[in-house]
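Subject: Structure handover

Hello,

Here is the structure we discussed, handed over for your own work. My notes on it follow below.

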Amino acid sequence: MTVSYKTGSRPRAYGLSKSPRLDAVSVTTADLTASLAFYRRLGLDIPEGAESAPHVEVALPGGQRLLWDTEDVVRSFDPGWTGSKGGERLGLAFLCDGPAEVDAVYADLTGAGYEGHLEPWDAVWGQRYAVVLDPDGCAVSLFAANPS
């Protein structure tokens, strides 16, 4: 039996021939240099010298992009922007090769001074999981399938 909310076809949004497609995730940062250093440490291929630009983007496997804008850039087109007003609304998750890599990446990041939010644990949903905060306080999950 097909579960429609998972696999069923659906009408095109807005009556157009193609629905909008997720293309990028954007991070607004108070400190671009610190943010780029954090994500480089996670293995993203961010060009050297990108820190001097107010807007940075990198291509991700699968075709999406990760973007960074400084707070000043966001205020340049949205003068009323004040940042987050509550709890976290969006997080990033990085798939690791296995449980040991979750532990190693968490140890590397926290050892480099980044704030650990949740130390690695064996989650009931079958993954090794941990959460580190990026320099702007955004949760970055580290996870891998946990066969045990």
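Which residue of strand 7 does A130 stand opposite? That residue is L142. Before going further, please keep in mind that this is a predicted model.

The pairing behind that answer is antiparallel: strand 6 and strand 7 are joined over seven bridges. Their hairpin has five residues between the strands, and G137 there takes a positive phi near 85°. L118 has V131 in strand 6 as its bridge partner. Strand 5 and strand 6 form a hairpin as well, with four residues between them, and G126 in its turn has a positive phi of about 90°.

Strand 6 is mostly covered, with six of its seven residues buried.

Next, the nonpolar cores. The largest has 26 residues, and those with the most contacts inside it are Y39, L42, I46, W68 and L142. At least two residues of this core come from each of helix 2 (32-41), strand 2 (55-59), strand 3 (65-70), strand 4, helix 4, strand 6 and strand 7. Leaving aside residues up to four places away in sequence, I46 touches L36, Y39, R40, V56, V58 and W68. Another core, of six residues, lies apart from the largest one; A123, V131, L133 and F143 are among its members.

L133 is worth a separate paragraph. Is L133 buried or exposed? L133 belongs to strand 6 and has a relative accessible area of 14%. The cut-off for buried is under 20%, so L133 counts as buried. Again leaving aside residues up to four places away in sequence, L133 touches F38, Y114, E115, H117, C138 and A139. Y114 lies 19 residues from L133 along the chain, and their C-alpha atoms are separated by 6.7 Å.

Last, the cysteines. How many disulfides does a search of the whole structure find? The search finds zero. C96 is buried, at a relative accessible area of 8%, while C138 counts as partly exposed, at 26% relative accessibility.

Regards

Terms used:
Residues are numbered from 1 along each chain as its sequence is written. This is a predicted model: local features need pLDDT of at least 70, side-chain atom pairs count only at pLDDT 80 or more; totals for chains, interfaces and linings use all residues. Side-chain values use heavy atoms; hydrogens and water are left out. A nonpolar core is a set of buried Ala, Val, Leu, Ile, Met, Phe, Trp, Tyr and Cys residues joined through side-chain atoms within 4.5 Å. Buried means under 20% relative accessible area, exposed over 50%, partly exposed in between (1.4 Å probe, protein chains only). Contact means heavy atoms within 4.5 Å. Two strands pair if DSSP finds at least two bridges between them. A disulfide is a pair of cysteine sulfur atoms within 2.5 Å.
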